[in-house]
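Trainee: I would like to go through this model with you. Where shall we begin?

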Amino acid sequence: MATGSPNPNDPAHHFTPSPLNELLYGHFYSAALRAVAVHRIADLLAEGPRTAEDLAMSAGLHAVSLRRVLRLLAARGLFREDARGAFELTGNGTPLRTDVPGSQHATIMLVSGKMFATAAEGIVDTVRTGTPSFETTYGVPFFEHLAGSPAERQLFDAGMASLSGPVDGLVAQSCPLPGSGTVVDVGGGRGGLLRAVLTREPALTGVLFDQPDTVADHLLDSKEVRGRWRVESGDFFSAVPRGGDVYLLKHILHDWDDDGCVRILEAIRRSATLGTKLLVIDAVLPEGSAPHPAVALELIMMIMVRGRERTATEFERLLSRTGFRLNRIVPTPSLPSIIEAEAV
């Protein structure tokens, strides 16, 4: 070896991949993550460290291949390998388990699965045509596809509930809520946010409103909110339940283009009275091109649906077109902010 050349066996020698290489190989990390999620490796580590051979025997897998996958994910901080070659979960890897609060297992199964992966491959055409690659590949818009595929709809609902779970409590503690009245969660999925809101404010009652198949699998059967909620189903483009003192829209408007958002907001305005509060819970992009975590969501919206993330100015325009006035934007300890508006 030439004098002055780095010795790859020297622990002091560290190679840092370039940002380009990190991005280039990103889909392999996602594939490895899916492999451990599909085979529920994290659940097998709930009781403590185990070797790849031991895990493979329990899961019916190939030990050498499994170890290589675990080493890759250990390099990203999800697992830790000890001196005897046993792997354990780190704090960052714990949400891979299916049986812990804040589990992200369902989200991983959704986002790493066929629908999202196929749409991501089509981004080459999306940047040429402007049409979401999901529509090009499947022949119908994303939500129309889900309506005709119960299994994928169930996967989507579970994935969204999993993704929202760690966020719901943080959003609820930041929500400007009245001490009493009725909260209507429009497009509220399985009701995680509504449950968090009602738990925080024991004098409130709530209505969970979404598609019939979605609300049928709701999360509201808990003693903290017993007797203070009801479920309704329907199409939020046409009409939403009347009588709400506060209407919630969490991660709904970013799924739709401006025309779709206007239809949703107009349906809420028809059910609201003067002064009724509307809380839109979405990421708020900075003006210009400053870095922001929601820029990644922008890409997902582009390939999956016809929605987008928006700036405060863009939210204000939508609200003013539909009979609402933007009062303020409340930050939360999580990605989304709360855009507080009222019916005028």
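Mentor: Begin with Arg328, which counts as partly exposed at 42% relative accessibility. Buried means under 20% relative accessible area, exposed over 50%, and partly exposed in between (1.4 Å probe, protein chains only). This is a predicted model: local features need pLDDT of at least 70, side-chain atom pairs count only at pLDDT 80 or more, and totals for chains, interfaces and linings use all residues. Residues are numbered from 1 along each chain as its sequence is written, and side-chain values use heavy atoms, with hydrogens and water left out.

Trainee: Which residue meets the side chain of Arg328 in a salt bridge?

Mentor: A salt bridge needs a side-chain nitrogen of Lys or Arg within 4 Å of a carboxyl oxygen of Asp or Glu. Arg328 lies in strand β11 (residues 324-330), and the pair links distant parts of the chain, 12 residues apart. Strands are DSSP runs of E, at least two residues; helices are runs of H or I, at least four; both are numbered from the N terminus. The N to O distance is 2.9 Å, and the partner is Glu340.

Trainee: Is Glu340 buried or exposed?

Mentor: Glu340 sits in strand β12. Salt bridges that share partners join Glu340 into one network with Lys277 and Arg328. The relative accessibility of Glu340 is 6%, so Glu340 counts as buried.

Trainee: How many residues apart are Asp258 and Arg310?

Mentor: These two form a salt bridge, with the closest N and O atoms 2.9 Å apart. Asp258 is partly exposed at 33%, whereas Arg310 is buried at 0%. Asp258 is in helix α14 and Arg310 in strand β10 (residues 310-311), so the pair links distant parts of the chain. The separation is 52 residues.

Trainee: Which side chain does Arg50 contact at 2.5 Å?

Mentor: Arg50 is buried, with a relative accessible area of 18%. A polar contact is a pair of N or O atoms within 3.5 Å; within protein, one must be able to donate a hydrogen and the other to accept it, and residues adjacent in sequence count only if both atoms are side-chain atoms. Arg50 makes one with the side chain of Asp54 at 2.9 Å. The polar contact of 2.5 Å is with Ser58.
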